[in-house]
Amino acid sequence: MDKQEANILNVEGLNVSYGKFHAVQNVSFNVKKGEIFGLLGPNGAGKTSTLSAIEGLLKPQSGVIMVDGNNAAEKPLHARASLGVQLQSTSFQPELHVIEILKLYAGIYGVSVNNDSLKALLRDIGLEDSAAKKFGQLSGGQQQRVSLVIATIHNPRLVLLDEPTTGLDPQSRRQLWERIEAIRERGHAVLLTTHSMEEAESVCDRIAIIDHGKVIAIDTPQAMIDTHSDDPEVIAVSRRGKITLEDVFIALTGKAVRA
């Protein structure tokens with residue numbers, strides 16, 4: 001199989017600008033079939049702009065985005081049909097019941113469902129008894145689980161997750177990690193952004209660190225640690241004696257707090 005064909009997502013030479021500000025500069029990476037790929041970076045590094053371009057929410061100045069073999073610029077509807085998107089904050093109608101929201105989005109995606117199949121989906125995420133609850137009555141972790149089901153209800157080849165576990169307690173975070181890993185096990189691809197180095201190490205097969213709009217490193221989490229473990233800058237920021245991914249991230253992107 002051709003390497004390009006094995007990739008669900010190919011991003012080549014992506015450039016995104018807002019006026020004179022270059023938010024994304026010549027960014028290139030790929031996400032393979034059956035892979036969880038993490039996009040890490042400080043605030044304002046270009047993560048959201050990169051995701052927005054892939055999602056089709058903004059038009060890049062240049063570059064090529066291929067989603068499941070479809071050029072996103074030439075065949076935007078085909079590319080979007082292969083995408084599932086879960087945003088950091090959900091905006092579903094809080095007064096609607098959970099099962100109503102599932103029916104609504106299944107209809108939007110053209111997916112045929114009935115009450116039994118919807119209950120099976122809820123059973124799969126441990127929310128079978130919450131079908132009649134209003135979305136606004138769910139906990140943050142429960143809302144994220146419903147959001148992930150909606151993002152994947154049409155069985156997309158590529159799932160984009162924008163900081164999916166922000167604000168979740170450890171139990172809810174672990175449950176969501178398991179859901180994300182299950183997507184990978186089905187042979188699909190996941191691209192997620194995260195500020196959690198623990199999350200990146202735990203669930204991501206590969207990661208890219210982006211800063212000031214440029215990709216500065218791509219590798220597996222462990223390989224990135226091994227590569228930089230002897231760097232004086234990394235050793236200088238290490239607080240525990242043992243080099244961690246966070247140490248490498250801080251050394252590569254700097255200690256300064258970003259707005």
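Glu198 and Arg173 pair up through their side chains in a salt bridge, 3.7 Å from N to O (the cut-off: a Lys or Arg side-chain nitrogen within 4 Å of an Asp or Glu carboxyl oxygen). Glu198 sits in helix H8 and Arg173 in helix H7, so this pair ties together parts 25 residues apart in sequence. Helices here are DSSP runs of H or I with at least four residues, strands are E runs of at least two, and both are numbered from the N terminus.

Glu198 is partly exposed at 38% relative accessible area, while Arg173, at 17%, counts as buried. The cut-offs are under 20% for buried, over 50% for exposed and in between for partly exposed, with a 1.4 Å probe and protein chains only.

## What you're looking at

This is a predicted model, where local features need pLDDT of at least 70 and side-chain atom pairs count only at pLDDT 80 or more, while totals for chains, interfaces and linings use all residues. Residues are numbered from 1 along each chain as its sequence is written, and side-chain values use heavy atoms, leaving out hydrogens and water.

## Helix H7 and its two sides

Just after H7, Gly187 takes a positive phi of about 90 degrees.

## The other salt bridges

Arg184 forms a salt bridge with Asp205, with the closest N and O atoms 3.0 Å apart. Arg184 belongs to helix H7 and Asp205 to the loop between H8 and strand S9 (206-211), so the pair ties together parts 21 residues apart in sequence. Salt bridges with shared partners join Arg184, Glu185 and Asp205 into one network.

Searching the whole structure turns up seven salt bridges. One of them joins Arg157 and Asp68, at 3.2 Å between the closest N and O atoms. That pair links distant parts of the chain, 89 residues apart.
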